[in-house]
Amino acid sequence: MTQDRELYIERLVKLQESVRDISGIDTRFMDTAIARLSQRQMVIAVFGAFSAGKSSVLNAILGRPLLVVSPSPTTAAVTELRGATKDDAKVQIAAKTEEELWRDVESTLQALNRHASDLSAAMAEIDRLTVTQFPVAYRRHVRFLKALRDGYEDMRARLGTTWVASVEDLRAFSADERYAAYVGRVDVQVDDPLLQRGFVFVDTPGVDSIHQRHTNVAFSYMREADAVLFVMYYTHAFSQADREFLLQLAGVQDVSEQNKLFAAINAVDLATSDEEREQVRARVISELRRLGIRQPRVYEVSAQLAEAGRRLAVDATDADALALARSRLRDETWQPDAASLTALCEYAGVDRLQADLIQYVESSADGLAADLARRTLATLREQLVARQREEQLRIAADDAARSSRLRELDELNQRMEAARVDSEVRLVRPLAQELHELLFHAGERLRFAYRDLFREAFHPGRFRLGKPTDKLREAATELAGAIGRRIDIELRTFALRAERLASEVLTGEKTHWEEEMSRLSLAGATHDGSTAGGVQVVDDVLNAAPAHLDGGMFEPFFRHFSSAKQFFEGGGQSAMMEATEPVAMAAAKEILATRGQRLVERCSAQLETALAAYYGSAAKRVANGRGMADQKPDPELVNRLQHVIATLADA
Ligand SMILES: Nc1nc2c(ncn2[C@@H]2O[C@H](COP(=O)(O)OP(=O)(O)O)[C@@H](O)[C@H]2O)c(=O)[nH]1
Ligand SMILES: [Mg+2]
């Protein structure tokens, strides 16, 4: 594959060189293609809940313990692993900036219903918190803040800085919560054959991370990564955070029409029977389907057995590895030999996952590269053919031919001007209309989800202990939060779709006029052959504050609750669900509509700008063509172009 890519680059560079000096040929569009082909990064992003085994699975895939594995939630920063030569191998740790730290502190305090105006006020506020005063679900937030507080004096000077460390330093640093809280990002460059092939692995904070900021990071990787590996722990697949993540991924995949999800059920060594294991697998598949992931690829793995197997293959007397293998296999007499190690690796399942993942990413990267090379060549060919015809026309031109050409060009110019004038009605408004329909569907999806979200928040377990009014309030806050996150998921997907539809409109219009211009043999590209459009609205959503609904709106409906028994067995829960739905949905749709409307406006404005820019440059080309009609023709050029076009046909 690398070879193919190198061939494409070599060809494109040669071709570009051979036509660079021809007047009327603009080869700048080839630079972008060449740059994109040379950059052969293939990104595999790993997601999953805290302690699902993301780092363990990644270590197993790479066959070396590069990432810290821990029973307590440590990784709160993105770690990127990429290849390097032996001399360049290093670890770089970047601390959070003061701004990032503040955003994490502020949102964590907010989740605990506490507030502070700045970092030092926050530190004082944190001193007043005690872990036990909060419900179990929020203790992770408190522990994070406490650790951060303990590290503050040591770490504040490092905010916003980056430093080089060893893998051992990184290990020590990440294992200490006081310091780990300050790490924003880690880059590991390793002298590793797999990574050197251009693969980049990204270990991410848990999808259940307490920091809102991480949702945006996750979303960016969902869009950009070539593959997404989603890791679940055998005994607890599908938390609410998992579902939200996968729902968002389904949205991204739906827009891009690509299925890049690999789902791994880790720690299958915990299965107590084959039937149980089969059931877990079936449930994972059906949940993924229910979330809109078509044809899920599901792998059952044991990162720890893979690790034990790898070590024993190197050294059969490795006592720790042997103990680990025996304990995970629950067989104290197990002995490593060639056959049993092969069986162990087979059972651990990591080799198959690794092979499929790499094969998928490489072949899709190959496909993309070939596609890009093909499109670039096609665009170049169109330009050359147009240029050649133009030159032939000029050679043959007498006065009559010249004036008929000028008439044709003027006529094209007029049609283009008319198209420009009514592009608002013809292109921009229909797009806005289509986007409004999409918004309507997003609102409907939210309405369908309401019952599930309600039941998840007001579940029986919650009311087992504690004062019911406290528990009702807690459930209401959680429900409001869950609805808010759904709105954000819908808005992010909506923005992606809006970008895509807008660039389709733009590309459609460009393609039409490119054909018209090439029919009149007008050379010079204003179209780079790519489908990229000038419309970007996703960042607007990412930069906006998360959607916020007030849990207080549910309080008037607490009257439907008199006791847990009445609520869950006597119809109270259904009554409250019915009664709250209109209120909650009105609030949700209000936010969705306001923010959605803003996005539609931004999208329309950007499409208008991009269209105006295109019409402007196309008009310039027509004007150039008019000017050319009066210049002296060059018969030699026709032959030269013919020669290049012939070489292109061989491709
Ligand atoms: N039984 C079992 N436990 C595992 C396996 N892989 C990881 N774990 C445990 O799961 C915990 C979390 O692992 P880690 O890789 O740090 O998870 P992360 O937070 O998702 O990166 C650790 O205590 C691991 O020892 C496995 O294959 N089997
Ligand atoms: Mg980890």
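Student: In which helix does Gln-573 lie?
Tutor: This is a predicted model, where local features need pLDDT of at least 70, side-chain atom pairs count only at pLDDT 80 or more, and totals for chains, interfaces and linings use all residues. Residues are numbered from 1 along each chain as its sequence is written, and side-chain values use heavy atoms, without hydrogens and water. Helices here are DSSP runs (H or I, at least four residues), numbered from the N terminus. Residues 572-628 form the helix that holds Gln-573, namely α22.

Student: Is Gln-573 buried or exposed?
Tutor: Buried means under 20% relative accessible area, exposed over 50%, partly exposed in between (1.4 Å probe, protein chains only). Gln-573 has 14% relative accessibility, so Gln-573 counts as buried.

Student: Which residues is Gln-573 in contact with, leaving aside neighbours within four places in sequence?
Tutor: Contact means heavy atoms within 4.5 Å. With those neighbours left aside, the list is Phe-454, Arg-455, Phe-458, Phe-567 and Phe-568.

Student: How many residues surround ligand 1?
Tutor: A residue is near a molecule if one of its heavy atoms lies within 4 Å of it. Among the closest are Ser-51 and Asp-269. The shell count is 20.

Student: Which helix gives the largest share of the shell around ligand 1?
Tutor: Both α3 (54-62) and α13 (303-314) supply at least two residues each. The largest share is three residues, and it comes from α3.

Student: How far from an oxygen atom of ligand 1 is a polar side-chain atom of Ser-56?
Tutor: A polar contact is a pair of N or O atoms within 3.5 Å. For Ser-56 and the ligand 1 oxygen, the distance is 2.6 Å.

Definitions and conventions
Chains lettered and ligands numbered in written order. Polar contact = N/O pair within 3.5 Å; in protein donor to acceptor, adjacent residues only side chain to side chain.
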